Amino acid sequence: MRGRPTIYEDSNIIKKAQEVFWQKGYSATSLSDLQKATGAGAGSFYNTFKGGKKEVFQKAVQERRLAFTSFQNELSNSESPLELIKDFFRSIAKADQNEHLKGCIIANTVVEMTFIDEDLESSAVQILKEVEQMFTEVIKSEQLKGTIKTKTAPEILGKYLITFWCGLNTLRRMYPDENVLKDQIEMQLAVIS
């Protein structure tokens with residue numbers, strides 16, 4: 001007899017937990033919140049996630065890394081990767097109010113975990129640095145092709161886009177309005193034209 005399956009066999013468990021963390025943050029999320037969202041009992045939860053809430057949070061953050069890796073693959077297969085990056089930013093304006101209020105779980109983690117949990121903070125910082133590197137490489141390639149007019153160093157522009165991303169995730173909470181966000185996004189993207 002096989003026995004009871006662990007709750008982690010359901011790939012949706014981490015995504016359900018991620019949603020709670022995204023809305024409440026790590027510190028404000030309780031075990032009870034995670035159990036309610038995932039449908040897991042305390043025993044089953046701890047048998048599956050021996051590292052407790054922190055392990056679940058780390059797995060939730062890694063889910064976002066998978067999304068980043070997927071986007072990175074799209075860029076490498078695209079004939080116009082810079083336009084793909086611009087379209088990504090433009091798509092933020094069209095998100096619904098709930099998405100605006102959630103912001104970015106990775107940027108949220110950097111802010112929340114500074115001075116609280118160095119491991120969680122550095123994991124989130126590393127993801128943002130990888131995204132920055134991806135932006136830098138695309139910009140460098142586009143400058144070599146002559147499709148970007150600016151002569152600003154690609155490393156500076158890569159950091160600029162990360163700064164823009166983190167700021168945009170605050171702005172969209174302040175102004176969850178498509179028209180306001182669209183104008184701001186276009187103004188910022190003009191830097192990499």
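Ile13 is buried, with a relative accessible area of 5%. That value comes from a predicted model. Ile13 sits in helix α1, which covers residues 12-28. Its C-alpha lies 8.9 Å from the C-alpha of Ala40. In sequence, Ile13 and Ala40 are 27 residues apart.

Is Lys102 buried or exposed? Lys102 is buried, because its relative accessible area is 5%, and the cut-off for buried is under 20%. Trp22 is 80 residues away along the chain, yet the two C-alpha atoms are 6.0 Å apart in space.

Now take the chain as a whole. It has 10 helices and zero strands. Read from the N terminus, the order of elements is α-α-α-α-α-α-α-α-α-α. The C-alpha atoms fill a box of roughly 65 × 35 × 30 Å along the principal axes. The chain has 193 residues, and 39% of them count as buried.

Next comes helix packing. Two packed helices are described by the angle between their axes and the distance between the axes. Start with α8 and α9. Helix α8 spans 118-145, and helix α9 spans residues 154-174. They pack at an angle of about 130°, with axes 8 Å apart. That angle makes α8 oblique to α9. The crossing of α8 and α9 is right-handed.

Helix α5 and helix α10 form another packed pair. Helix α5 covers residues 81-93, and helix α10 covers residues 178-189. Their axes are 8 Å apart, and the angle is about 160°. What does that angle say about the directions of α5 and α10? The two helices are roughly antiparallel to each other, because angles over 145 degrees fall in that class. The crossing of α5 and α10 is right-handed.

Turn to the charged side chains. Side chains of opposite charge can pair when their charged atoms come close. The cut-off used here is a side-chain nitrogen of Lys or Arg within 4 Å of a carboxyl oxygen of Asp or Glu. By this rule the model has 13 salt bridges.

One of them joins Asp117 to Lys54, with the closest N and O atoms 3.0 Å apart. Which parts of the chain does this pair tie together? Asp117 lies in the loop between α7 (105-113) and α8, while Lys54 lies in helix α4 (residues 52-77). The bridge therefore ties together parts that are 63 residues apart in sequence. The two partners fall in separate accessibility classes. Asp117 counts as buried, at 14% relative accessibility. Lys54 counts as partly exposed, at 23%.

Helix α4 also holds a local pair. Lys59 forms a salt bridge with Glu55, and the closest N and O atoms are 3.8 Å apart. Lys59 and Glu55 are four residues apart in helix α4, so about one helical turn separates them. Lys59 counts as partly exposed, at 27% relative accessibility.

A further bridge links Glu83 and Arg90, at 3.6 Å from N to O. Glu83 is partly exposed, at 34% relative accessibility. Arg90 is partly exposed too, at 26%.

Return to the loop between α7 and α8. Besides Asp117, this loop contains Phe115. Phe115 counts as exposed, because its relative accessibility is 85%, and the class begins over 50%.

The last stop is a surface patch. Met174, Tyr175 and Val180 form a nonpolar patch, with about 280 Å² of accessible area together. Val180 lies in helix α10, the helix that packs against α5. At 32% relative accessibility, Val180 counts as partly exposed. That value passes the cut-off for patch members, which is over 30%.

Methods:
Residues numbered from 1 in each chain as written. Predicted model: local features only at pLDDT ≥ 70, side-chain atom pairs only at ≥ 80, totals over all residues. Heavy atoms only, no water. Patch = residues over 30% accessible without salt bridge, like charges linked within 9 Å, V, L, I, M, F, W, Y side chains within 5 Å. Areas by Shrake-Rupley, 256 points an atom, 1.4 Å probe, with all protein chains shown as cover. Buried < 20%, exposed > 50% of the residue type's maximum accessible area, 1.4 Å probe, protein only. Axes fitted to C-alpha atoms, helices over the stretch in contact; angles between N-to-C directions. Parallel < 35°, antiparallel > 145°, perpendicular 65-115°, else oblique. Left-handed = near helix turned anticlockwise from the far one by under 90°.
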